[in-house]
Amino acid sequence: MKPKDTAEQAAFRAEVRDYLAQIADQAPESATESASVAARAAWQRKLAEGGFVGVAWPAEHGGRGLGPLEQMIVDDELERADLPGILDFIGIGMLGPAMIVHASEQQQHRHLGPLLHAEEVWCQLFSEPAAGSDLAGIKARAKLSDGGGWTIDGQKVWTTNAQFASYGMLLARTDTSAIKHRGLTMFIVAMDSAGLEVRPLRQINGEAHFNEVFLDGVELPADAVIGGVGNGWKVALTVLMFERMAISGHARSFGIELDAVVEAVRDSGRGDDPIIRRRLAELAVDLMALSAASKETLFALQSGLTPGPEVGLQKVTLVESTTAAGELGIDLYGPEALVAGNRWAETTAFAPGLRSAGGSNEILATTIGERVLGLPPEPRLDKNVAFDQLPG
Ligand SMILES: Cc1cc2nc3c(=O)[nH]c(=O)nc-3n(C[C@H](O)[C@H](O)[C@H](O)COP(=O)(O)OP(=O)(O)OC[C@H]3O[C@@H](n4cnc5c(N)ncnc54)[C@H](O)[C@@H]3O)c2cc1C
């Protein structure tokens with residue numbers, strides 16, 4: 001169930017479709033980790049040259065000043081033409097938009113253009129071994145040096161794309177005496193800085209999607225600070241808000257389409273089995289509810305509204321339905337569905353990660369309980385994740 005295009009959106013869709021037809025032969029063969037980063041960056045650059053990367057960014061920062069519905073049109077058309085999306089979804093979807101809100105003019109001028117054109121790829125250096133849900137508990141330390149710059153020591157983990165990123169947005173503690181949310185500052189760090197080491201974390205499917213990042217005496221200049229010293233939590237919340245929107249607003253690109261599940265049930269010849277039918281019906285209800293809710297989120301965003309905590313419910317439903325779809329596919333096809341590269345195996349391997357990324361199910365359940373359903377607060381609320389503190 002997709003929103004119907006307005007006349008302007010239909011014209012924009014035609015423009016996207018035409019441009020994609022012109023450049024389709026330059027697309028990399030696959031958008032997976034195994035495709036070369038250079039080829040994926042070149043593809044993003046090609047899309048940016050046509051004006052189809054960051055279409056919701058303001059025009060003065062290289063975007064089109066359009067909305068999330070137009071972004072969805074670009075994504076739709078890429079999918080329709082079976083073409084890969086951009087390389088730097090973190091930089092374009094989360095970090096760039098947060099820089100537009102908080103970075104200095106000089107930082108924006110320096111980084112936003114290269115980011116759109118994949119001349120720079122960015123990563124998000126927030127999570128640590130003992131600070132994920134409880135993000136404000138991070139320990140990476142930034143100490144003011146005599147020359148006014150900063151020296152960073154600490155360890156980050158689960159850093160997607162750090163293996164090829166040129167810059168990172170790093171959350172570090174600048175004041176150990178302040179209460180934990182207040183003593184944080186956000187920095188720009190070049191990933192080739194002396195003292196910074198990236199170690200890949202290998203996943204069950206053999207790919208290394210994310211990394212550990214060690215920072216040992218990394219020197220940063222004074223102008224590496226984004227949004228002011230001591231304001232790191234505010235900047236982090238903006239990033240997390242864009243992350244939440246990216247995940248829920250583009251829910252369908254993570255999951256399995258209902259049609260594919262119906263086809264799998266039909267193919268298996270088990271469409272008469274009452275248990276399979278019940279599983280399929282439950283999944284269909286969840287996917288249809290998700291689709292309707294994502295549509296509402298997109299409309300809210302398009303009208304400039306910030307979606308509230310109820311968006312968390314979409315992410316929980318997305319995780320549960322992705323998991324259920326993967327399990328149903330594997331039950332229907334048996335061992336042949338577990339071969340590497342098979343979509344059901346990929347879905348099943350991906351779902352547990354999705355459960356944690358962008359706020360875990362448990363944390364979101366707490367937020368939904370308290371802020372949507374009005375249940376009494378959990379005693380440990382102050383230790384909870386950023387999602388509890390999000391504006392809106
Ligand atoms: C695919 C993927 C990509 C990622 N990319 C990045 C990235 O690029 N940069 C980055 O900085 N981080 C990234 N992360 C890390 C992500 O932000 C964290 O995994 C997430 O914040 C959860 O933190 P954690 O893994 O430390 O789990 P924990 O916070 O240790 O949680 C472990 C379990 O305990 C539960 N739990 C924790 N606290 C509570 C509570 N108060 N009440 C109830 N249950 C609770 C959680 O729900 C979870 O089930 C990524 C994660 C994934 C899976």
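Student: What covers the buried residues of helix 5?
Tutor: Helices (H or I, at least four residues) and strands (E, at least two) are DSSP runs, numbered from the N terminus. Two residues are in contact if their C-beta atoms, placed from the backbone, lie within 7 Å. Here the cover of the buried residues of helix 5 includes helix 2 (37-49), helix 4 (89-102) and strand 1 (122-125). This is a predicted model, in which local features need pLDDT of at least 70, side-chain atom pairs count only at pLDDT 80 or more, and totals for chains, interfaces and linings use all residues. Residues are numbered from 1 along each chain as its sequence is written.

Student: Which residues of helix 5 are buried?
Tutor: A residue is buried if 20 or more other C-beta atoms lie within 10 Å of its own, exposed if 12 or fewer, and partly exposed in between, with C-beta atoms placed from the backbone. In helix 5, His111, Leu112, Leu115 and Leu116 are buried. Viewed down the axis of helix 5, the buried residues fall within an arc of 120 degrees (taken from the directions from the helix axis to the C-beta atoms), so they line one face of the helix.

Student: Which exposed residues does the face turned away from the buried side carry?
Tutor: That face of helix 5 carries Gln106 and His109.

Student: How many of the residues of the protein count as buried?
Tutor: Of its 392 residues, 41% count as buried. The protein has 11 helices and 8 strands.
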